[in-house]
Amino acid sequence: MGKGKAPRRTLDSYTLRNINKTIKAGDCVLMRPAERSKPQYVARIERIEADARGGNVKVHVRWYYRPEESIGGRRQFHGSKEVFLSDHYDVQSADTIEAKCTVHSFKSYTKLDAVGNDDFFCRFEYNSATGAFNPDRVAVYCKCEMPYNPDDLMVQCEGCSDWFHPACIEMTAEEVKLLDHYFCETCLSEDPKKLQNSLASSVDLDTKVDAKKRRRR
């Protein structure tokens, strides 16, 4: 009669000696890719388990996909640090973890003063079999009607409050940064008195021109 499978136990946390960091369920980590030329894999730890002696530590993970790993590929509105929470679960050796990271909500990410190498953001869940996203619709902006990419510079119209890419309004990024006020073509065609009232109010430039390209640590 063959030996039964050795019992394993769930760990509340585990210290990775190679990076001197402690991990627990719910943490996000960067994992060694199969090919060293590829970027590190991003995953969320679901469970940590070890053998009866506390060795052979495995992590149950839920993968985040980068846009280029999805069926549709990377699109113009995808941020450079954007990842999708997938339905792809896996079990990996804890030794393949190379660093801890943070996957922010989209809203939290856009409020960061600086973005580090270990900062990512997620606004979609992704079905790896069908390529479907949840939510399947998000707000769009500008004439190009594209979702917001936090890496891109945009300027806000003081009339309608919509946001516009400099190239879509035939301006350069440098020209946009020098603006004191901006009104889109639609608002400029409306009642001049409405525009005068808007121009009379003091508006902080930082509320109108959003430097989406964030500083890197």
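Trainee: Is Tyr126 buried or exposed?
Mentor: This is a predicted model, and the answer rests on relative accessible area. Buried means under 20%. Tyr126 has a relative accessibility of 3%, so Tyr126 counts as buried.

Trainee: In which strand does the ring partner of Tyr126 at 6.1 Å lie?
Mentor: The rings of Phe84 and Tyr126 have their centres 6.1 Å apart, with planes at 45°, so this pair is tilted. Phe84 and Tyr126 are 42 residues apart, and the pair links distant parts of the chain. Tyr126 belongs to strand E11, while Phe84 lies in strand E7.

Trainee: How many aromatic pairs does the structure hold, and what is the angle between the planes of Tyr65 and Tyr126?
Mentor: The structure holds 11 aromatic pairs. Tyr65 and Tyr126 form a tilted pair, with 5.4 Å from centre to centre. The angle between their planes is 45°.

Trainee: How many residues apart in sequence are the parts that Tyr65 and Tyr126 tie together?
Mentor: Tyr65 is in strand E6 (residues 58–65) and Tyr126 in strand E11 (residues 125–126). Tyr65 is buried, at a relative accessible area of 15%.

Trainee: Which residues form one aromatic cluster?
Mentor: Tyr65 and Tyr126 form an aromatic pair, and Phe84 also pairs with Tyr126. These residues belong to one cluster, which consists of Tyr65, Phe84, Phe124, Tyr126 and Phe133.

Trainee: Which residues lie nearest the centre of the largest pocket?
Mentor: The largest pocket has a volume of about 280 Å³. By class, its lining has eight nonpolar, four polar and four charged residues. Of the 16 lining residues, those nearest the centre are Arg75, Phe77, Phe124, Phe133 and Asp136.

Trainee: Which residue in E10 stands opposite Thr102?
Mentor: Strand E8 (residues 97–105) and E10 run parallel, joined by four bridges. Both faces of E10 are covered, with Asp119 and Phe121 buried on one side and Phe120 and Cys122 on the other. Opposite Thr102 stands Asp119.

Conventions: Residues are numbered from 1 along each chain as its sequence is written. This is a predicted model: local features need pLDDT of at least 70, side-chain atom pairs count only at pLDDT 80 or more; totals for chains, interfaces and linings use all residues. Side-chain values use heavy atoms; hydrogens and water are left out. On a 1 Å grid over the protein atoms alone, a cavity is a set of points where a 1.4 Å probe fits but cannot get out, and a pocket is an open set with protein on both sides within 12 Å along at least five of seven lines; lining residues have an atom within 4 Å of a point. Grid points are joined across faces, edges and corners, and a volume is the space filled by probe spheres set on the points. Ala, Val, Leu, Ile, Met, Phe, Trp, Tyr, Cys and Pro count as nonpolar, Asp, Glu, Lys and Arg as charged, and the others, Gly among them, as polar. Buried means under 20% relative accessible area, exposed over 50%, partly exposed in between (1.4 Å probe, protein chains only). Helices (H or I, at least four residues) and strands (E, at least two) are DSSP runs, numbered from the N terminus. Two strands pair if DSSP finds at least two bridges between them. Rings of Phe, Tyr and Trp (its six-membered ring) pair if their centres lie within 6.5 Å; planes under 30 degrees apart count as stacked, over 60 as edge-to-face and the rest as tilted.
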